[in-house]
Amino acid sequence: MAHNPIEDLAIMLRSQPFQERDRLVTMLTEHHGKITGVAKGAIHSRRYGGSLDLFACSSVRWKETQGELVRIEEANVRRDFLQIRGKLENISAAGHFVDLVLRLTEDRHIAREVFLLLAHYLKLLEENTASFEIVRSFEIKLLERLGWAPVLEECVSCQGPFFGEELSPEDSFVTLEVEKGGFLCHNCSPAHSRHFPLASVLWMIQARETMIQHTPTLHFPLDPMMEAAVALQHFLRWHCPGLGNYHFRAHEMLETFLMEARPT
């Protein structure tokens, strides 16, 4: 049975040679979710230009096949995001973003909010130098768009608020409780548990609430931000079935680049 062509905007999450002349591409589409397909003869053909390159946002037309892979018939670049490649920290940040999206979205599960989020952050990296604040805000917003936003305002055990009154020194620390999707207050924390400063939770709230275009103006102290990075990595890995202790591609290298680029 013949399948009618489907056309949609797509951001390239992964693009690699396939067999001798073809290209295997995984892309997040605006209206059809994450799709993987083969572009025949794309390795040596100029027909596709840079439309299937990593990070590119292209208008793609494909046909379904009897297997899981679609057959890509045409692709035209709408935005290539080439300016991202001008700085190592920006390439690394963009690579981290697409790797997270690749691993946290389900095949053919519509994720338009994630598509728009990724597009906006790639545009942000064209116009700004990647920073800890930009990367952390993408991570927290991605968890939110996927419906996995951690509870940050109150204890996930007793529901006691973390903020709103003067805190004693011991109450200014919380404990990560990934399985319950948030943090525990001092009273609910197990003995000898790893503490996170409440300042890092406060930073995550502000990163979540700040509009994307204003993210480059954020600037927070390094120590609580690094603690926030650890917490967010735990949440991200928890929602990646089977990944266990997997470190997202280039994450450690990205953190090094961000540290070197951070203004003193």
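**A pair of packed helices**

Modeller: In this predicted model, the axes of α3 and helix α5 (residues 222–238) come within 10 Å of each other and cross at roughly 30 degrees. Axes are lines fitted to C-alpha atoms, for helices over the stretch in contact, and angles run from 0 to 180 degrees between N-to-C directions. Helices (H or I, at least four residues) and strands (E, at least two) are DSSP runs, numbered from the N terminus. The crossing of α3 past α5 is left-handed, that is, the near helix is turned anticlockwise from the far one by less than a right angle.

On the α3 side, Phe132, Glu133, Arg136, Glu139, Ile140 and Leu143 take part; they meet residues of α5 including Leu222, Met225, Ala229, Leu232 and Phe235. Contact here means heavy atoms within 4.5 Å. By class, this contact has eleven nonpolar, one polar and three charged residues; Ala, Val, Leu, Ile, Met, Phe, Trp, Tyr, Cys and Pro count as nonpolar, Asp, Glu, Lys and Arg as charged, and the others, Gly among them, as polar.

α3 (132–145) also belongs to what covers the buried residues of α2, as do β1 (6–18) and α1 (88–104). Among those buried residues are Phe115, Leu118 and Tyr121, where buried means under 20% relative accessible area (1.4 Å probe, protein chains only).

The whole protein has six helices and eight strands.

Residues are numbered from 1 along each chain as its sequence is written, and side-chain values use heavy atoms, with hydrogens and water left out. As the model is predicted, local features need pLDDT of at least 70 and side-chain atom pairs count only at pLDDT 80 or more, whereas totals for chains, interfaces and linings use all residues.

Note on methods: Buried < 20%, exposed > 50% of the residue type's maximum accessible area, 1.4 Å probe, protein only.
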